[in-house]
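The report below is meant to be read alongside the sequence and the coordinates. It goes through the fold of one chain, then a ligand site, then a set of side-chain contacts.

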Amino acid sequence: MSDAAAPPVRARGLVKRYKEVLAVDHIDLNVCAGDVYGFLGPNGAGKTTTLRMALGLITPTEGSVELFGRDPMRRGARALDGVAGFVEAPRFYPYLTGRKNLELLAALDGHGAATRIDEVLGIVELAPRAGHRVGGYSHGMRQRLGIASALLRQPQLLILDEPATGLDPAGMRDMRRLIRRLADEGMTVLLSSHQLPEVQELCDRVAIVDSGRVVYEGSLSDLRRQGGAGYRLRTTDDARALDLAREQQGIDHALADDNGLGFQADERAVAALSLALGRAGVGILTLAPELATLEDLFFRLTEDGDGAGQAPSAVDEPGASDVERLVPTR
Amino acid sequence: MSSVAASPPATAARAVRTRGPSVATVYRWELRKLISQKRTYLGFALVVILPIFFVVFQNVRQSHDRGGDNIFAAQITQSGLATPVLMLLFLSVFMLPLAAALVAGDIVAAEDGNGTLKTILTRSVNRGQVFGAKVLAAITYATIAVFLSAAVATAAGVVSWGFKSVRTFSGTIVSAPEALLLVFASNGIYLIPLLTVAAIGVLLSTATRNSAAAVVGTIGLVIFLFILAQIPGLEGIRPYLLTEQFENWHGLLRTPTDWAPIAHSAWVCALYALPALFAAYLIFLRRDVAGG
Ligand SMILES: Nc1ncnc2c1ncn2[C@@H]1O[C@H](COP(=O)(O)OP(=O)(O)OP(=O)(O)O)[C@@H](O)[C@H]1O
Ligand SMILES: [Mg+2]
């Protein structure tokens with residue numbers, strides 16, 4: 001039975017194996033009501049495969065995923081009540097017009113979806129081309145039609161797999177605005193994306209997957225705080241300051257560039273460095289903490305040790321050890 | 001994307017309570033998809049052009065060969081109602097199975113080709129409903145092909161040679177209205193093996209996920225069975241070959257009506273069609289939609 005309090009998405013021990021490829025390797029996900037949840041990972045990490053399992057398109061090898069407490073494997077289309085979205089590029093009947101495609105899908109939705117066709121065409125600004133066959137649509141137009149077809153269902157949970165792929169800059173901006181607005185209206189969004197700035201702007205919680213495993217799940221702010229003990233320093237003598245920073249215990253990744261030097265450290269090491277600079281007669285111009293960008297963290301999580309994009313089964317350590325790499329050692 | 005305000009999302013309770021669409025709805029859209037595709041008309045053209053061509057050719061020919069080994073060929077210019085029978089004799093062997101296979105073999109695989117299976121299976125319909133609608137659409141198409149061909153052959157024959165009585169296989173003369181009834185009943189009986197061909201087409205369409213492979217496979221099977229029937233020493237299996245059932249309707253055109261081949265074909269065809277449909281159903285229900 002569905003349960004009003006059940007979370008929009010709850011995956012437990014999700015595994016998908018294609019012959020020798022372990023596409024998804026024991027993934028747990030928790031998307032809560034109202035989340036704009038970013039689902040990140042390099043190519044081949046298993047994002048699309050996970051979303052296909054969530055939508056009931058493929059059968060998990062192990063584990064289960066529930067949408068609002070309903071398992072698509074057991075409840076069929078019922079599990080998708082209140083859920084809409086698409087994986088990879090949305091696909092339509094090329095020999096039907098955009099509007100006819102939506103009419104067809106609305107008929108398969110029931111619940112009065114057909115009455116919303118004009119509205120959703122307006123939202124994605126496709127109304128002028130709705131009478132043309134989809135076979136002649138550009139990639140971005142199909143992407144917009146995909147969004148329109150999802151909105152027909154008036155979902156509470158919207159699952160989008162790289163929705164901005166192939167959109168022009170204005171289209172990407174509009175997509176971001178639309179997602180923001182839908183979220184503000186109370187929709188939960190599960191968004192797989194390679195656009196890290198977009199995720200940083202839109203999402204409050206993220207899961208980062210690599211080689212079929214979750215290497216981080218939690219709030220974006222926690223992630224940035226964990227990885228974020230970075231500092232930027234400008235002094236009267238940057239070369240000398242760099243030497244001192246490298247000698248100082250607890251200071252890592254010290255590098256000089258045009259804007260002074262950057263390094264990672266805990267607060268105690270920063271205090272020690274400032275005293276050392278003073279003793280050496282180097283004046284501090286600025287010393288400011290700097291939060292790591294999502295991009296920095298993404299690369300640190302997915303490129304350390306095992307190579308990204310390799311066979312997922314190449315990962316041996318549990319995901320927790322990857323998270324530990326983010327936390328500065330004291 | 002414009003800033004037109006979207007309606008607030010439906011509440012979970014409302015979404016769960018209201019009813020989803022029925023198989024009839026999915027079926028109607030399957031038919032609409034067929035109507036929008038060229039291949040639909042190609043199949044119809046295959047089974048309509050031959051009767052028209054035949055009648056036109058017979059009309060322009062000066063002398064008619066009154067002999068021939070077929071009783072309906074022999075009386076072709078004496079009654080327009082001999083034409084649809086003769087056409088069913090010709091078309092039942094290959095053209096009508098080809099037309100049926102053209103759509104049945106495509107009906108599931110086309111969704112794989114377009115990548116639209118994921119599109120329709122993420123709406124409020126179950127896989128069983130989609131499958132049922134597709135099978136019904138394939139059946140509808142084959143049925144229309146048969147009766148369309150019969151109607152065109154009848155009309156062309158009657159226009160050329162009149163609405164007159166005909167002699168049946170057993171030499172008995174039946175009145176024109178009765179002959180017309182028999183023509184359509186024969187086509188109806190012929191649907192038993194033809195819909196079996198469609199069922200096999202649906203199975204291959206589901207299993208191969210490739211339209212061309214499914215259509216060619218279905219027709220290949222028909223040809224294979226024809227060849228099998230010709231192999232000396234295999235006479236024992238002939239009555240159980242699907243292709244032998246293509247003649248099941250001959251019994252209707254005898255006096256008294258010979259029901260035995262009709263009843264025989266019904267259970268032989270069921271032995272082909274039901275397992276094929278059941279296997280296709282299971283494959284469709286369980287398959288991974290990993291493409292598209
Ligand atoms: N149908 C399939 N058959 C075999 N292997 C598959 C299949 N689908 C996915 N895989 C494999 O599973 C792994 C995960 O693929 P998936 O498409 O889920 O990655 P992704 O995270 O969505 O990547 P991208 O960012 O490129 O979209 C890959 O190694 C891929 O080759
Ligand atoms: Mg993907």
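## Fold of chain B

Chain B is built from 12 helices and two strands, where helices (H or I, at least four residues) and strands (E, at least two) are DSSP runs numbered from the N terminus. Read from the N terminus, its elements follow the order α-α-α-α-α-α-α-α-α-β-β-α-α-α. The C-alpha trace of chain B extends over about 75 × 50 × 30 Å along its principal axes, and 50% of its 292 residues count as buried, a class that means under 20% relative accessible area, with exposed meaning over 50% and partly exposed lying in between (1.4 Å probe, protein chains only).

## Basis of the values

This is a predicted model, in which local features need pLDDT of at least 70 and side-chain atom pairs count only at pLDDT 80 or more, while totals for chains, interfaces and linings use all residues. Residues are numbered from 1 along each chain as its sequence is written, chains are lettered from A and ligands numbered from 1 in the order in which they are written, and side-chain values use heavy atoms, with hydrogens and water left out.

## The site of ligand 1

Ligand 1 is surrounded by 14 residues, of which G44(A), K47(A), T48(A), T49(A) and H194(A) are the closest; a residue is near a molecule or strand if one of its heavy atoms lies within 4 Å of it. Because the surrounding residues come from chains A and B, the site is shared between chains. By residue class the shell splits into six nonpolar, six polar and two charged residues, with Ala, Val, Leu, Ile, Met, Phe, Trp, Tyr, Cys and Pro counted as nonpolar, Asp, Glu, Lys and Arg as charged, and the others, Gly among them, as polar.

Oxygen atoms of ligand 1 lie 2.8 Å from a backbone N or O atom of G44(A) and 2.9 Å from a backbone N or O atom of G46(A), and an N or O atom in the side chain of T49(A) is 2.5 Å from an oxygen atom of the ligand. On its own, ligand 1 has 640 Å² of accessible area, and the protein covers 68% of it; these areas come from the Shrake-Rupley method with a 1.4 Å probe, and for residues only the protein chains shown count as cover.

## Helix α1 of chain A

In chain A, β2 (21-31) and α1 (47-54) each supply at least two residues of the shell around ligand 1, and the largest share, three residues, comes from α1(A). This helix is mostly covered, with eight of its eight residues buried, including K47(A), T48(A), T49(A) and R52(A). After α1(A) comes G56(A), which has a positive phi near 75°.

## Aromatic pairs

Over all chains the structure holds 12 aromatic pairs; rings of Phe, Tyr and Trp (its six-membered ring) pair if their centres lie within 6.5 Å, and planes under 30 degrees apart count as stacked, over 60 as edge-to-face and the rest as tilted. F147(B) and F184(B) form a stacked pair, 6.0 Å centre to centre with 5° between the planes. Since F147(B) belongs to helix α9 (residues 127-161) and F184(B) to helix α10 (residues 176-208) of chain B, the pair ties together parts that are 37 residues apart in sequence. F147(B) counts as partly exposed at 26% relative accessibility, and F184(B) is partly exposed at 28%.

The pair of Y240(B) and W267(B) is tilted, because the ring centres are 6.1 Å apart and the planes stand at 50°. Y240(B) sits in the loop between α11 (211-230) and α12 (260-286) of chain B and W267(B) in helix α12, 27 residues apart, so that the pair links distant parts of the chain. Y240(B) is partly exposed at 44% relative accessibility, and W267(B) is partly exposed at 43%. Ring pairs also link F131(B), Y281(B) and F284(B) into a cluster.

## Charged side chains in chain B

The charged end of R32(B) sits over the ring of W29(B), 4.5 Å from its centre; the criterion is that NZ of Lys or CZ of Arg is within 6 Å of the ring centre and within 35 degrees of the ring normal. K33(B) has its place in helix α2 (residues 23-35) of chain B and counts as buried at 4% relative accessibility. The side chains of K33(B) and E30(B) are joined by a polar contact of 3.0 Å, that is, a pair of N or O atoms within 3.5 Å, where within protein one must be able to donate a hydrogen and the other to accept it, and residues adjacent in sequence count only if both atoms are side-chain atoms.
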